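Please look over the model below. The report that follows takes its local geometry and packing in turn.

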Amino acid sequence: MKPAAFEYHAPASVQEAVGLLAELGEDAKAIAGGQSLVPMLALRLAVLDHLVDLRRLEELRGIEQRDGGVWIGAGTTQATIQRSAEVGRGVPLLARATPLIGHFQIRNRGTLGGSIAHADAAAEYPAVALALDARLEATSPRGARTIAARDFFQGMWSTALQADELLTGVLFPQWGPRSGFAIEEFARRGGDFAIAGAAVAVQLDTDDRIARCGIGLFGLGQAALRATTTETQLTGSAADVPAGDVGDSAMAELDSVPSDLHGSADYRKHVGAAMVARAWERAVQEAGVQEASNA
Ligand code: FAD
C-alpha cells in the first residue's frame with residue numbers, strides 16, 4: 001500500500017519546526033528517519049495531512065560531553081551512535097544496545113529521538129534510557145523543558161510529549177566507578193524486534209554491595225518499563241545475589257504482559273526472567289572487575 005497524500009514541510013530550525021507543528025495541529029507529525037513512521041503511513045495505521053521533516057536540523061545532531069554526562073542530539077542516527085567512541089566510553093549500555101536495532105540499513109536512517117519518541121514497547125533505546133536515568137530534552141513554542149525518562153513513557157506509542165513538542169536531545173548521565181552494563185534480548189531472528197529483553201546498569205560500592213542499579217525491560221508491557229521494586233530491594237544488598245532471583249523478582253512486578261502470535265504472556269515472562277538474569281550477571285561481573293580508582 002501507499003501512504004495517503006500529505007503535504008511535506010522542511011523547516012530550517014527547531015523553532016520553525018515546532019511552530020509548524022503548533023499551527024498545523026493534530027493532522028501533522030514530525031518525521032526523522034522515517035523507519036517507524038513510513039511503514040505506519042504505508043499500512044495506513046497512521047494518516048496525516050502534513051509531515052514536518054527534521055532532517056535539515058543540524059541543531060538536533062551531535063554527541064558531546066555535557067553536564068556530567070553524554071548529550072546526544074535527537075536527530076543523531078543510530079549508525080552514528082554505533083560508531084561513536086564517545087558513546088562507547090561514556091554510555092556503554094547505549095553502544096551495546098544499538099547493534100540490536102533492526103538492520104544496518106535501518107540504523108543508517110533511524111534516529112535516537114525517533115526511537116524514543118515512537119516509544120515502541122519492544123524497542124531497545126527506551127529501556128536503556130530508563131535503566132540509565134536519562135534526561136530527555138524537549139522544545140515547543142512555549143519553551144524548553146527536561147523530562148526524566150521514568151516520566152516519559154506512558155503506554156503503547158504514547159509519551160509525555162505534547163503534539164507540538166519535539167525531542168531535541170537526550171542526556172545520559174555518566175555512572176561512576178565500579179559500574180557495569182549489559183543488555184540481553186531474545187528475538188526469533190537477528191534484526192527482529194525482541195520478544196523480551198532487559199537492559200541493566202549496576203554500580204557497586206567498595207564493599208561489593210549494590211550502590212545503585214537500573215533494570216529496564218522491553219517487550220514485556222505496553223511500553224518500556226523499569227523494575228523499580230526489584231531495584232529498591234537490591235540496593236544495599238550484596239552483589240552476589242543469585243541472578244535467577246533478580247529475573248524472577250523483576251517478572252513478579254509485571255501485571256500486564258502482552259500475549260500475541262509471537263508468544264503468550266507466560267512465555268514472555270519466562271524469557272524475560274532469563275534475559276534479566278543474564279544481563280544482571282554480566283553487568284555485576286563487569287562492575288566487579290573495575291578498580292574503585294578507575295573512574
Ligand atoms: P520516525 O519513523 O521518523 O518517527 C517515529 C515517530 O517518532 C513519529 O511519531 C515521529 O513523529 C516521532 N519523532 C521522530 N523524531 C522526533 C523528535 N525529535 N521529536 C518528537 N517526535 C519525533 N527499532 C528498535 O528499537 N528495535 C528493533 O529491533 C527495530 N527493528 C526494526 C526493523 C524494521 C524492519 C524496521 C523498519 C524498523 C525497526 N525498528 C526497530 C524501528 C527503528 O529503530 C526506527 O528507526 C525508530 O523506531 C524510529 O526512528 P526514526 O528516526 O526512523 O523515526
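Predicted model: local features only at pLDDT ≥ 70, side-chain atom pairs only at ≥ 80, totals over all residues.

## Loop residues with positive phi

R44 sits in the loop between α2 (37-42) and β3 (50-53). Its phi is positive, about 60°, although R44 is not a glycine. Most residues other than glycine have a negative phi.

D133 also has a positive phi of about 60°, and it is not a glycine. The loop between α8 (124-131) and β6 (135-140) holds D133. Its relative accessible area is 25%, so D133 is partly exposed.

Strands β4 (residues 63-66) and β5 (residues 69-73) pair in the antiparallel sense. The pairing runs over 4 bridges. R66 has G69 in β5 as its bridge partner. The hairpin has 2 residues between the strands. In this hairpin, D67 takes a positive phi near 50°.

R66 also has a ring contact. Its charged end sits over the ring of W71, 4.1 Å from the ring centre.

## Aromatic pairs

How many aromatic pairs does the structure hold? There are 2. F152 and F153 form an edge-to-face pair, with 5.1 Å centre to centre and 80° between the planes. F152 is buried, with a relative accessible area of 0%. F153 counts as buried at 12% relative accessibility.

W175 and F181 also form a pair. Their ring centres are 6.0 Å apart. Their planes stand at 75°, so the pair is edge-to-face; the cut-off for that class is over 60 degrees. W175 is buried at a relative accessible area of 9%. F181 is buried, with a relative accessible area of 9%. W175 has a charged neighbour too: R212 lies over its face, at 3.7 Å from the ring centre.

Why does the length of α12 agree with expectation? Helix α12 (residues 265-289) has 25 residues, so at 1.5 Å a residue it should span 36 Å. The expected span uses one less than the number of residues. The end C-alpha atoms of α12 are 36 Å apart, which agrees.

Buried residues of α12 include R268, W280 and M275. Also among them are G272, V271, V276 and V284. Which elements do the buried residues of α12 pack against? The strands are β11 (179-186), β12 (196-204) and β13 (210-218). The helices are α10 (228-234) and α11 (243-252).

## The loop at G236

G236 lies in the loop between α10 and α11. G236 counts as partly exposed, because its relative accessibility is 41%. Which residues does G236 touch, not counting those up to four places away in sequence? They are R209 and I210. D208 is 28 residues from G236 along the chain, and their C-alpha atoms are separated by 9.4 Å.

## Domains

The domain assignment gives domain 1 (7-53), domain 2 (69-170) and domain 3 (179-294). The centres of domain 1 and domain 3, taken over C-alpha atoms, are separated by 35 Å.

Methods. Residues numbered from 1 in each chain as written. Heavy atoms only, no water. Pairing = 2+ DSSP bridges. Buried < 20%, exposed > 50% of the residue type's maximum accessible area, 1.4 Å probe, protein only. Contact = heavy atoms within 4.5 Å. Domains from an automatic or database assignment. Phe/Tyr/Trp six-rings, centres within 6.5 Å; stacked < 30°, edge-to-face > 60°. Lys NZ or Arg CZ within 6 Å of the ring centre and 35° of its normal.
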